[in-house]
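Please take a moment to look over the sequence and the fold before reading on.

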Amino acid sequence: MSITIEGLRLTRGEATVLDGVDLTVDAGAVTAIVGPSGVGKTTLLRAVAGFAPPAAGRIRYGGTDLWAVEEHERLQLRRTVAMVPQDRSLFNTTVARNVAYGLGVRDGPLERLRMAVGGVQAADGLAQQVTDALALVQLSGMGDRAARTLSAGEAQRVAIARAMATDPAMLLMDEPTSNLDPQTTAVIEEAIMAAVRRGVGVVIATHDIHQAGRIADRVAVMIGETIIEEGPASAVLDDAASPAARRFLAGELPL
Amino acid sequence: MVGIAGCTTGDEGATDGMAEEPAQLTETIGDGELILATTTSTYDTGLLDAIVPTFESAFGMTVKMLPQGTGAAIETARNGDADVLLVHARSREDAFMQEGFGVNRRDMMFNDFVIVGPEADPAGIAGDDSAAGAFDTIAAAEATFVSRGDNSGTHTKELVVWDQATSAPAGRWYQEIGKGMGDTLAQASQTGAYTISDRGTYLSMQDEIDLEILVEGPLRGGPLVLKNPYGVMAVNPAVHEQVNYQAAMAFIGFCTAPDTQAAIDAYTANGSQLFFANAWAEPVDFAQYVPMGYSADAAARLTAEDREFLSWVDAKVPADY
Amino acid sequence: MDFGAVIGTGPETTRYVTSIILVSLQVSVTAVAISTVMGIPLALVTAFRRFPGRRLLTTVITTGMGFPSVVVGLVVLLLLSASGPLGTLQLAFTPRAMIISQTILALPVITAVSLSAVQAVDQAVRDAAFAVGATRRDVAVRTIAEARFGIITAVLAGFGRAISEVGSILIVGGNIVFTDGTSYTRTLTTAITVEARQGRYETGLILGAVLLAVVLVINALGAWVSARGGA
C-alpha cells in the first residue's frame with residue numbers, strides 16, 4: 001500500500017499553505033518530512049489523513065483518489081490510515097478507553113454502548129487489541145489510569161497505541177517526540193521500528209534532523225510550502241542537491 | 001276537535017305519536033371546562049373557593065380561575081381566552097359590552113372601599129364625609145399616600161376620587177408602587193402612609209397592619225363614590241366561537257341564584273361579612289344588563305333607510321306572504 | 001382553602017404544596033430537556049462549522065440569555081391566545097404554554113454555555129478522533145463527552161433560569177389552581193406571588209425555602225452525575 005500526493009495545493013482564506021506538493025510514501029518504510037516550523041508539515045499530514053478536500057491536486061490511497069469517491073468509501077479508505085497529532089490529544093477518560101476508541105467507532109452502536117457503560121472489557125474482543133497496543137509502547141498494565149494523570153511522554157505513547165490499535169496500513173505522526181526526554185524518545189522510536197517491521201508505513205513530520213537520520217528510510221525536505229527535495233535518507237541528509245535544503249539541514253534559516 | 005278530546009283523556013304514560021323518553025341531559029356542557037377571568041383581589045378573598053365547588057358538582061364542570069389584574073382579566077376575555085368575566089370596574093365593563101365582547105351582564109354583589117391611614121392621622125382626615133375632601137386634605141398636608149398604580153379596580157376608583165378632588169396626586173408624598181392590595185396595605189402600614197383599600201382585603205389583614213379606617217365607605221354611611229359593585233358577564237360567542245357560552249351562562253345563573261346569593265352574604269373573613277349580594281332587587285334593576293346610559297329608544301330609532309324599506313314592505317308585500 | 005390560612009398543617013396544605021412542586025418540576029424539567037436536545041447540536045454547529053451569519057447567531061444566543069422573562073411571556077401569550085395566530089391549538093393558560101415559554105428562556109443559556117464548553121475542547125483531541133477513523137458524527141459525540149462538565153453546568157444553569165422565573169409562566173399559565181386545591185398551572189414561584197401580593201410574606205418565604213430545597217436537590221444530582229462521569 002502506498003499513498004501518492006500529486007500537485008497538492010491548499011489555501012486558507014487568501015494565503016496558500018501548501019503550494020504544489022508531490023510525494024509518495026510506501027508501506028514498510030519510514031518517511032521523514034523535515035522543515036522549519038510553520039512551513040506546512042502539519043497541514044500536509046492532515047491533508048493526507050483526509051481532513052478536507054484540497055484546492056488543487058490529488059491524494060491517492062493505493063491508486064484511488066480520496067476525494068473522487070463517495071463519503072462512505074472515503075471513510076473506509078481513511079480507516080486504513082491513522083494519525084497521531086502533536087501534543088495533548090488524549091481523551092479525558094481512562095487509558096484503555098482511549099486506546100480502544102478507534103476500534104469502538106468501527107463497531108456497531110450496541111457494542112459502543114456496552115463499552116461506554118461497562119468499559120473496554122465489556123466490548124467483545126477489544127481487550128486483547130488494547131493490551132497488545134499498550135505493550136507496543138511499553139505501557140502494559142496502565143489501562144485503568146486516567147489519561148489526565150499521565151506525563152507528556154506517557155500521554156504521547158498512549159496516543160500512538162491508540163493509533164496502532166486500529167491496525168493501520170499507514171501511520172502519520174506529527175512531531176511525535178519534539179518535547180520529550182531522550183529515554184521516552186527512544187521508546188517511541190523503538191515502537192515505530194516495531195511497527196515498520198510489521199509492515200506499517202510511517203510518515204513522521206519532524207524538525208529533528210537527527211531523528212530523521214536515526215530512523216528514516218526516506219527524507220523529504222519541505223521549504224516554502226512545498227517539497228524541494230526528496231530521496232533516500234542518507235542521500236538527502238548527507239548530500240542534498242538543492243542549496244536551500246543544504247542550508248536548512250546545515251542549521252541555517254532558509255531565505 | 002277530536003284530536004283535542006283525545007289529548008285530554010288518558011294522560012298516564014305515553015300516548016301514540018309522542019316521544020317515549022325525556023331528553024337525556026348531556027354529561028358535560030361543552031368540553032366540561034369553564035375558564036373564569038377575575039381580579040386578584042376578588043380571588044384573594046377566597047369567596048370563589050367557597051362557592052365555585054358547588055357550581056362544579058352541580059353542573060359536572062371543572063372551573064379554571066385566572067386571577068389577573070383587572071386590565072389583564074378584561075383583555076383575556078376580550079381575546080376569547082376566557083368564557084366568563086367577573087370584575088368590579090363598571091365603566092370598563094360597560095366599555096367591554098359597548099365593544100361587543102360581553103353579553104348578559106348581571107350584578108352579583110357589592111362592597112365598598114375605605115380610606116385608611118395611621119392611627120395618629122397626621123393629616124387629620126378622620127370622619128370626613130367626602131372622599132375627595134379627604135384626598136385634598138392629604139394633598140395639602142403632603143402626607144404620604146401609597147397608590148397601587150396598576151389600573152386595578154381599586155386604582156381606577158382612586159383616580160375617580162382624585163378627579164373629584166381639586167388637588168392633583170403629584171409630588172414626592174404620592175407613591176405609585178404597582179403592587180397588589182395586600183402588599184400595598186403592608187407597605188402603607190410599614191411607612192405610616194394613607195391609602196385606599198377595598199374593605200374586604202383590609203378586614204382580612206386588620207390584625208397584621210397598623211392602619212385604621214379613617215373615611216368609611218357607603219356600607220357604613222360613608223360617601224357613595226366609594227361603592228364597589230361586582231359584575232359577572234359572558235364573553236360574546238358571536239365574536240369568539242370557541243368560548244363555552246352555555247357554561248358561562250350556567251355560571252352566571254349560579255352566581256345570581258338565590259342559594260348562592262345567600263352564600264355570598266354568609267361569607268365572612270375574620271368574622272366580618274365581605275360582600276353583599278345584589279343580583280335581585282325590588283324593583284328589578286334593568287340597568288345591570290346593559291352599559292350605563294344605554295337607551296333602548298335610541299337604539300330602536302330607525303334610520304331613514306330602514307324606514308324607507310319598511311314602507312316598501314307595507315306597500316308591496318301581501319299580508320299573507 | 002380558608003382565607004388567610006393556606007400554609008397551615010393538614011392534608012389540604014400538603015396536597016397544595018405537593019401539586020405546585022410537581023407542576024414546577026414538570027414544566028421546568030421538560031423545558032430544559034427540550035432545550036438541551038436542541039441546544040447541544042446548535043452549540044456544536046456554531047462552534048465548528050463556518051456559515052454566513054455565524055457571528056450574528058452567536059450574538060443572538062448570548063443576547064437571549066438576558067431576555068426578560070416577562071417579555072417572552074407576553075409574546076408567547078399573544079401567539080397562543082385564541083385571538084392569536086396559533087389560537088386553534090388552544091394552548092393559552094395551559095402547562096404546555098409554560099413549557100414553551102420556559103424553553104425559549106432556557107435554550108439560549110444552555111446553548112451559550114455549551115458553546116463555550118465545546119469550544120474549549122482542544123482541536124488536537126478532535127483531530128485525533130477523526131484521524132483514527134471516526135465519522136464527523138463520532139467526533140461530535142466525542143466532543144460532547146470531552147465537554148461533559150461544561151455541558152452539565154449548562155443544563156444546570158438552564159434549569160436554574162427556568163425553575164426560578166416567574167414573569168413568563170405567570171402570564172402564559174394564568175396561575176390556575178383547581179377548587180380541590182391541586183395546581184394546574186401554578187408553580188412555586190407563581191404561588192409565592194400570590195402570597196406576596198396578599199401581604200403574607202412569611203408564607204411566601206416558606207415557599208421560597210421549598211423552592212431553594214428543590215434547586216439544591218437538582219444541583220446535587222448534577223454534581224453526582226458529574227462525579228460519576230469524571231475519568
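A helix axis is here a line fitted to C-alpha atoms over the stretch in contact, and the angle between two axes runs from 0 to 180 degrees between their N-to-C directions. In this predicted model, that description can be applied to helix H1 (residues 11-48) of chain C and helix H4 (residues 95-119) of chain C, whose axes come within 6 Å and cross at roughly 40°. The crossing in which H1(C) passes H4(C) is right-handed, and the residues of the contact between H1(C) and H4(C) comprise 19 nonpolar and 12 polar ones, with no charged residue among them.

Chain A and chain B, by contrast, do not touch, and their nearest C-alpha atoms lie 47 Å apart.

Chain C also meets chain A, with 16 residues of chain C in contact with 26 residues of chain A. Which elements of chain C give two or more residues to the side that touches chain A? They are helix H5 (123-131) and helix H6 (136-146) of chain C, and H5(C) provides the largest share of that side, seven residues. By residue type, the side of chain C that touches chain A is made up of nine nonpolar, two polar and five charged residues.

Why can H3(A) be called largely enclosed by the rest of the structure? The reason is that 11 of the 11 residues of H3(A) are buried, and these include Arg97(A) and Asn98(A) as well as Val95(A), Tyr101(A) and Leu103(A). A residue counts as buried here if 20 or more other C-beta atoms lie within 10 Å of its own.

Turning to domains, the assignment for chain A gives domain 1 (2-86 + 169-249) and domain 2 (91-149), with centres, taken over C-alpha atoms, that are 27 Å apart. Five residues of domain 1 of chain A are in contact with five residues of domain 2 of chain A. On the domain 1 side of this contact, helix H7 (residues 182-197) of chain A contributes the largest share, three residues, and that side consists of four nonpolar residues and one charged residue, with no polar ones.

Chain B is likewise divided into domain 1 (33-110 + 228-298) and domain 2 (112-226), and 26 Å separate the centres of these domains of chain B, again taken over C-alpha atoms. Their contact takes 16 residues from domain 1 of chain B and 18 residues from domain 2 of chain B. On the domain 1 side, helix H2 (40-44) and helix H4 (70-78) of chain B each supply at least two residues, and the largest share, three residues, comes from H2(B). The residues on that side of domain 1 of chain B divide into four nonpolar, 11 polar and one charged.

Methods: Residues numbered from 1 in each chain as written. Chains lettered and ligands numbered in written order. Predicted model: local features only at pLDDT ≥ 70, side-chain atom pairs only at ≥ 80, totals over all residues. Contact = placed C-beta atoms within 7 Å. Helix = DSSP H or I, 4+ residues; strand = E, 2+ residues; numbered from the N terminus. Nonpolar A, V, L, I, M, F, W, Y, C, P; charged D, E, K, R; others polar. Left-handed = near helix turned anticlockwise from the far one by under 90°. Domains from an automatic or database assignment. Buried ≥ 20, exposed ≤ 12 C-beta atoms within 10 Å, placed from the backbone.
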